[in-house]
Amino acid sequence: MTSKIGPANGKIIIAPSILSADLWCLGQQVQTVREAGADWLHVDVMDGHFVPNLSFGPATVKSLNGRAQLPLDVHLMVRQPARFIEAFAKAGADLLTVHIEAQDDIKDVLLQIKKSGVKAGLSIKPDTDPKRLQPFLDLLDLVLVMTVQPGFGGQSFLPHSPQHIACVREQIDASARPIWLEVDGGINAQTARLAAQAGAHVFVAGNAIFAAQDIKGALQSLRQAATI
């Protein structure tokens with residue numbers, strides 16, 4: 001398959017997270033964020049082991065593929081990501097992000113993702129040293145900096161997050177590779193500006209978009225805040 005996500009180009013990307021959507025009317029809400037100008041759709045996958053929660057699987061991605069008409073940014077918060085790469089790639093993921101803290105050999109997992117024709121991302125938790133990313137940058141299309149502890153929506157942006165984002169931005173710039181820098185957790189109009197100032201340009205937002213009375217207005221406010 002060919003990913004619908006191209007190399008990083010400095011553009012601001014807004015990726016609504018369906019973890020915060022009303023699943024009773026998920027299709028309608030996806031259509032709403034698409035019409036409001038969303039760039040990607042973020043799908044959080046949790047296995048109940050790496051994080052203490054369960055969420056979506058390949059069937060959700062397969063259902064969204066094509067119908068959502070947005071690139072699918074799939075975040076694997078799972079203990080053993082190698083077990084899931086093939087299934088999510090076949091289901092239609094455009095980008096698969098795994099955690100550096102996972103049990104599997106990270107280089108092997110990233111190579112498996114690339115071999116599947118999907119863009120490869122690597123995520124770090126808030127308490128992980130960002131410099132651990134350095135050995136993997138040559139294989140990455142995206143780095144995801146978690147700005148809350150992964151596993152649950154609705155958390156508050158952690159105060160030290162801008163320092164982590166800035167450290168990752170410095171590494172990406174030094175690599176001279178077109179790598180997206182994504183942030184996820186407690187992102188709203190206020191924290192998006194802080195993250196953007198630190199160097200992020202992909203913003204995952206759940207409650208800030210799906211819990212808003214005016215979804216289109218919330219998404220546009222978020223984009224405006226991130227455009228510094």
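Helices and strands in this talk are DSSP runs, numbered from the N terminus, where a helix is H or I with at least four residues and a strand is E with at least two. Axes are lines fitted to C-alpha atoms, for helices over the stretch in contact, and angles run from 0 to 180 degrees between N-to-C directions.

Good morning, colleagues. The structure above is a predicted model, in which local features need pLDDT of at least 70 and side-chain atom pairs count only at pLDDT 80 or more, while totals for chains, interfaces and linings use all residues. Residues are numbered from 1 along each chain as its sequence is written, and side-chain values use heavy atoms, with hydrogens and water left out.

Let me begin with helix packing. Helix α6, residues 189-198, packs with helix α8, residues 215-226, at an angle of about 30°, and their axes are 7 Å apart. The two helices are therefore roughly parallel to each other; angles under 35 degrees count as roughly parallel, over 145 as roughly antiparallel, 65 to 115 as roughly perpendicular and the rest as oblique. The crossing of α6 and α8 is right-handed, a term used if the near helix is turned clockwise from the far one by less than a right angle, with anticlockwise giving left-handed.

Which residues make this contact? From α6 they are Ala189, Ala192, Arg193 and Ala196, and from α8 they are Ser221, Leu222, Gln224, Ala225 and Ala226. Contact here means heavy atoms within 4.5 Å. By class, six of the residues in the contact of α6 with α8 are nonpolar, two are polar and one is charged. In this scheme Ala, Val, Leu, Ile, Met, Phe, Trp, Tyr, Cys and Pro count as nonpolar, Asp, Glu, Lys and Arg as charged, and the others, Gly among them, as polar.

Helix α6 also meets α5. The axes of α5 and α6 come within 8 Å and cross at roughly 30°, and the crossing is right-handed. On the α5 side the contact involves Pro162, Ile165, Ala166 and Arg169, and on the α6 side Leu194, Ala195 and Ala198. The contact of α5 with α6 holds six nonpolar residues, no polar ones and one charged.

Helix α5 spans 161-175 and strand β7 spans 180-184, and Ile179 sits in the loop between them. Is Ile179 buried or exposed? Ile179 is buried, at a relative accessible area of 1%; buried means under 20% relative accessible area, exposed over 50%, and partly exposed in between, using a 1.4 Å probe and protein chains only. Beyond its neighbours within four places in sequence, Ile179 is in contact with Ala8, Leu137, Leu140, Asp141, Leu142, Val143, Ile172 and His201. Ile179 and Gly6 are 173 residues apart in sequence, with their C-alpha atoms 9.8 Å apart in space.

The loop between α5 and β7 also holds Ala176. Ala176 counts as exposed, at 68% relative accessibility. Its phi is near 60°, a positive value in a residue other than glycine. Trp180, in strand β7, is buried with a relative accessible area of 4%. The C-alpha atoms of Trp180 and Trp24 are separated by 32 Å, and the two residues are 156 residues apart along the chain.

Leu64 lies in helix α2 and is buried, with a relative accessible area of 8%. Not counting residues up to four places away in sequence, Leu64 touches Ile18, Val30, Leu41, Val43 and Leu72. Val51 is found in the loop between β2 (41-46) and α2 (58-64), and it is buried, at 1% relative accessible area. With residues up to four places away left out, Val51 touches Met46, Met77, Pro150 and Gly151. In the loop between α2 and β3 (72-77) lies Gln69, which is exposed at a relative accessible area of 56%. Phi of Gln69 is near 55°, again a positive value in a residue other than glycine.

I close with the cysteines. How many disulfides does the structure hold? The structure holds zero disulfides, taking a disulfide as a pair of cysteine sulfur atoms within 2.5 Å. Cys25 is partly exposed, with a relative accessible area of 21%, whereas Cys167 is buried, at 19%. Thank you for your attention.
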